[in-house]
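Subject: Structure for you to look through

Hello,

I am passing on the structure we talked about, and below it I have set out what I found. Please read the notes with the model open beside you.

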Protein chains: 2
Amino acid sequence: MENFTFQNTTRIIFGRGTQKLVGEECCKHAKKVLLHFGGQSIKKSGLYDEVIESLNKAGVEYVELGGVQPNPRLSLVHKGVSICRAEGVELILAVGGGSVIDSAKAIAMGVPYSGDVWDFYTHKATPAKALPVATVLTIPAAGSESSDSSVITNEDGWRKHGYTNGIMTPLFSILNPELAFTLPKYQVAAGATDIMSHLMERYFTNSHPVELTDGLIEATLRNMVRNVPKVLAKMDDYDAWAEVMWSGCVAHNNLLDTGRIGDWASHGIEHELSALYDVAHGAGLAVVFPAWMRHVYKHNLGRFVRFAVEVWGVRNDYWNPEATALAGIQALQDFLVSIGMPATLKQLDIPGDHIDEMAAKATNHGQWKLGNFVKLGKEDIAAILRSAQ
Amino acid sequence: MENFTFQNTTRIIFGRGTQKLVGEECCKHAKKVLLHFGGQSIKKSGLYDEVIESLNKAGVEYVELGGVQPNPRLSLVHKGVSICRAEGVELILAVGGGSVIDSAKAIAMGVPYSGDVWDFYTHKATPAKALPVATVLTIPAAGSESSDSSVITNEDGWRKHGYTNGIMTPLFSILNPELAFTLPKYQVAAGATDIMSHLMERYFTNSHPVELTDGLIEATLRNMVRNVPKVLAKMDDYDAWAEVMWSGCVAHNNLLDTGRIGDWASHGIEHELSALYDVAHGAGLAVVFPAWMRHVYKHNLGRFVRFAVEVWGVRNDYWNPEATALAGIQALQDFLVSIGMPATLKQLDIPGDHIDEMAAKATNHGQWKLGNFVKLGKEDIAAILRSAQ
């Protein structure tokens with residue numbers, strides 16, 4: 001086990017009806033909040049009205065900033081920073097999924113900083129302080145509701161950068177599984193794939209032994225495999241949604257990282273896909289992850305056999321561990337296809353003509369390697385993408 | 001899944017050599033600390049000198065208060081409160097196991113309070129603030145290093161009361177598995193039993209479904225079953241100790257409570273044993289828990305079958321679930337005996353002549369019931385204790 005530090009301070013308020021508590025929770029920390037959200041979905045679902053009512057009841061003032069898009073944009077972050085300064089906002093309340101929360105985190109760091117918040121994402125500066133962020137989660141996927149990171153896209157050059165700093169870990173997050181009942185099924189499946197990918201990125205490690213976290217990750221993956229089909233079959237299955245939503249948070253709150261170094265190459269490769277083509281992050285991961293696995297499984301056959309047996313219930317072929325390992329990878333891909341995710345780039349309408357370009361970008365034109373489990377060069381990445389055509 | 005709130009703010013600093021960081025970590029929060037510890041073991045092991053050196057190096061002043069006993073005493077807490085006030089202490093640094101940490105938590109709450117800290121333990125008052133507590137853990141067992149609770153014994157009437165409040169959750173805890181290498185084996189086994197009991201108290205619940213936490217608890221229990229015999233066979237097996245120490249913390253930091261209501265009757269019964277007889281808490285639990293299980297397993301046969309199959313690898317006898325359930329309970333007891341724990345009250349030198357008295361005390365003379373999975377009356381508790389003779 002590697003030495004580690006672990007801390008996650010977010011207060012999770014979980015369950016039916018908990019969005020009604022948002023006013024009284026905000027009230028403990030702020031007189032005025034920025035209500036930050038995406039498009040019309042929270043208005044259609046009635047969540048917007050419930051949040052406003054709760055804020056009003058608690059006497060919390062608010063200003064609004066909607067319009068967060070998937071791959072949240074720096075320009076909107078700048079707008080948020082200006083509003084917060086002008087209005088004396090004390091807390092950013094994100095109502096939505098990962099994009100809204102990531103945007104809120106950027107605004108929170110930008111308000112007390114005299115320079116451009118983009119400096120943090122390019123590692124030119126480190127934030128000394130930030131406004132507190134709180135969330136009402138509507139999409140179980142990114143895990144941003146209790147994570148210490150944020151990904152922002154700068155429209156100037158369409159650069160998509162992530163930044164990690166404990167200063168942006170949300171103060172509290174409200175997770176009501178009922179709020180996910182009205183999501184489009186494709187988004188549910190893409191979100192589930194993102195959650196499972198967060199678990200698998202951590203699972204494939206060279207740190208050994210890391211038995212507790214191995215077991216915890218496997219248990220969380222099995223929980224996803226059991227419950228995602230249930231929510232897709234019955235979108236108001238509260239119990240199954242509760243399992244998926246809580247798994248999504250636990251998958252990415254850093255507990256499952258403890259003592260181990262994760263891989264994260266598949267995320268890196270997928271970022272190139274979604275930067276160049278307009279695909280959902282989870283859908284891109286559904287194509288990339290099994291292809292990555294087939295490229296690297298020989299590096300640690302034992303771990304892939306374990307993945308097959310413990311997560312997917314593959315019967316261990318003791319005299320042919322390679323067959324067992326490959327059956328596990330196939331079981332993952334079959335599962336992702338069964339919930340409506342693509343298996344190939346073609347199914348994402350991604351042609352093969354930019355593969356070398358994406359592989360070059362992912363390695364900064366061969367200057368660095370991607371991933372920790374196996375260090376991938378641009379030829380590896382091109383081979384992985386070609387195998388996924 | 002039940003609605004819940006979850007928060008655990010303790011920063012965990014885990015791994016080899018991490019005790020050397022204690023000075024610089026304390027320095028961020030305090031100019032002067034109370035160094036609180038038990039007996040001579042930290043002096044013999046050299047830990048005391050390392051802590052002092054680290055504090056000196058960081059320029060952190062300290063005053064000392066050793067002498068914490070198992071079942072930490074209120075009189076020493078009072079002494080600690082006086083010292084802290086007189087010396088202007090800003091942080092309580094507990095170096096030791098659960099008793100030292102629990103005592104430190106009590107002192108931390110007592111310093112800013114004008115009344116007697118015992119008021120909190122008798123629910124006569126609620127602390128408005130507390131000094132921060134930090135720990136260097138030496139015994140994986142109680143989980144107090146990141147928990148929100150403390151148990152103190154008032155010598156006036158030998159009353160042993162627990163109190164729970166997030167205000168006493170440690171600021172940071174240093175967990176170095178190497179510090180456990182020199183523990184007596186009986187203490188290791190008793191500590192392991194305490195950890196497993198924290199997991200089992202949470203596992204046996206009427207909340208359903210709670211699949212994620214079921215899976216996480218089972219994974220943590222399996223990890224204990226795999227690694228405790230390893231540390232007992234080779235007391236300097238770092239990897240196995242790391243698994244046990246991290247499991248002990250995760251077992252009791254409230255994550256595994258989320259969405260479910262635990263039982264806690266076995267802890268309640270054991271408290272009566274250790275109040276009347278001088279037995280190690282874990283050893284008492286080793287006797288009580290299997291006896292409790294045999295008394296209640298019919299309440300939810302499915303859960304006990306699952307416990308047998310998933311935790312103990314018992315082969316499921318599909319046509320005789322009762323036999324499967326009982327085989328799981330026997331497997332637990334066999335394991336506890338194999339690590340050196342007792343199976344009967346007799347082996348703890350506890351005679352049968354006070355069983356009715358203990359059962360009466362555990363239920364406040366029949367005025368309340370014990371436990372949540374099955375509500376136990378005093379006759380139930382007496383029957384459980386008799387069956388464990």
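How many residues does the contact take from chain A, and how many from chain B? Before the answer, please keep in mind that this is a predicted model. The contact takes 32 residues from chain A and 32 residues from chain B. On the side of chain A that touches chain B, strand 1 (4–14), helix 8 (211–233) and helix 9 (238–250) of chain A each supply at least two residues, and helix 8 of chain A gives the most, with ten residues. Sorted by class, that side of chain A has twelve nonpolar, twelve polar and eight charged residues.

The two chains also meet through their strands. Strand 1 of chain A pairs with strand 1 (residues 4–14) of chain B in the antiparallel sense, over seven bridges, and within this pairing Asn8(A) stands opposite Asn8(B).

Turning to chain A by itself, you will find 15 helices and eight strands in it. Its radius of gyration is 21 Å, close to the 21 Å that the globule rule gives for 389 residues, so chain A is as compact as a globular protein of that length. The C-alpha trace of chain A spans about 70 × 45 × 45 Å along its principal axes. Of the 389 residues in chain A, 56% are buried, and among the contacts in chain A with a separation of 6 or more, 77% come from residues 24 or more positions apart.

Trp368(B) counts as exposed because it has 12 other C-beta atoms within 10 Å, and the cut-off for exposed is 12 or fewer. From C-alpha to C-alpha, Trp368(B) and Glu61(B) are 48 Å apart in space, and they are 307 residues apart in sequence.

With best wishes

Note on methods. Residues are numbered from 1 along each chain as its sequence is written. Chains are lettered from A and ligands numbered from 1 in the order in which they are written. This is a predicted model: local features need pLDDT of at least 70, side-chain atom pairs count only at pLDDT 80 or more; totals for chains, interfaces and linings use all residues. Two residues are in contact if their C-beta atoms, placed from the backbone, lie within 7 Å. Helices (H or I, at least four residues) and strands (E, at least two) are DSSP runs, numbered from the N terminus. Ala, Val, Leu, Ile, Met, Phe, Trp, Tyr, Cys and Pro count as nonpolar, Asp, Glu, Lys and Arg as charged, and the others, Gly among them, as polar. Two strands pair if DSSP finds at least two bridges between them. A residue is buried if 20 or more other C-beta atoms lie within 10 Å of its own, exposed if 12 or fewer, and partly exposed in between; C-beta atoms are placed from the backbone. The radius of gyration is taken over C-alpha atoms; the globule rule is 2.2 Å times the number of residues to the power 0.38.
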